[in-house]
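Dear colleague,

I am passing on the structure below for your files, and my notes on it follow. Please read them alongside the coordinates.

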Amino acid sequence: MKKIISSVVATLVLSTGLSAADYYATVDGEKITKTDVAMVLQDPRMQFEALPKKAQEQVLTQIINKKLLAKKAMKEGIEKDKQFKDALERMKSDLAFQVWQQNQLRAMKISESEQKKFYNENKSKFKTPATLKARHILVKTEKEAKDLIKQLDKASKKEVKFIELAKTKSQGPSGKDGGNLGEFNAQQMVPEFAKAAQSLKKNTYSKTPVKTQFGYHIIYLNDKKASKSLSFNEVKGNISRMLLQNKYNKKVKDITDELRKKAKIVIK
């Protein structure tokens, strides 16, 4: 039987072309759709059409076998089984809620005027954070840090010397990369480090050691970007989704509050 099914699947794969078809095969007239295939693949990033032919055949074989066995189970009266009935009732409840939820969200609309009103009232929230790009050298003692700063003061190529010292002297994990911390939001760093880094001008280094809970730092600031306000067009999609969710949550709360007054609820 397995051989026959595989042969049928192969024929179907060739005949459909597996391009933009609404379905890929049929089992006793029942279509195998993209939804069926997606449930087997279980990864929205995977495209069935991009799979090797052999893998496509295996997916269709799995779906065909499942449909054939399901039909067999129904013919044998599985619907009368208590376990089946209980599971079906649970599925009905979950499905009823999901479909109801989708219908509610689909019916709700957020106007552009509502979006703009929210944007204008909350402009301070729609900003990209200020960022810094820096390197650092971390040592245990203040004396070590001061000695390294003296070496930097004497160097003609400051950043080149800084990278060299970071690789040979820094005890932090970034030392092997010349102390490179990349670009970061100042709030990601401990306060003492953030304050010292923010006070520096581009392409300068800290002239005094910066003490933190980790030790003593020397900081070299490569770049500094100020916070930037985001335009309405840049954030209106996020605003719409948020307002829609808020509207839905309020409606659900109002409905459930009313339903709970009438329902008999016993919590053990």
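**What was found**

In this predicted model, residues 24 or more positions apart account for 68% of the contacts with a separation of 6 or more, a contact being heavy atoms within 4.5 Å. Residues are numbered from 1 along each chain as its sequence is written. Local features need pLDDT of at least 70 and side-chain atom pairs count only at pLDDT 80 or more, whereas totals for chains, interfaces and linings use all residues, and side-chain values use heavy atoms, with hydrogens and water left out.

On confidence, the average pLDDT (the predictor's confidence in each residue, from 0 to 100) is 90, and 92% of the residues score at least 70. Over residues 1-20, however, the pLDDT is below 50, although this stretch has 24 contacts in the model beyond near neighbours in sequence. Where pLDDT is low, the predicted coordinates should not be read in detail.

As to the overall form, the protein has 9 helices and 9 strands, taken as DSSP runs (H or I of at least four residues for helices, E of at least two for strands) and numbered from the N terminus. Along the principal axes, the C-alpha atoms fill a box of roughly 90 × 60 × 45 Å. Of the 268 residues, 30% count as buried (under 20% relative accessible area, with exposed meaning over 50% and partly exposed in between, for a 1.4 Å probe and protein chains only).

Two residues other than glycine have a positive phi. D28, in the loop between β1 (23-27) and β2 (30-33), has a phi near 50 degrees, and D28 is exposed, with a relative accessible area of 69%. N203, in the loop between α8 (191-199) and β6 (204-205), has a phi near 65 degrees, and N203 is partly exposed at 43%. Most residues other than glycine have a negative phi.

Lastly, Q115 is found in helix α5 (residues 112-121) and is buried, with a relative accessible area of 9%. Leaving aside residues up to four places away in sequence, Q115 touches I110, F232, K236, I239, S240 and L243.
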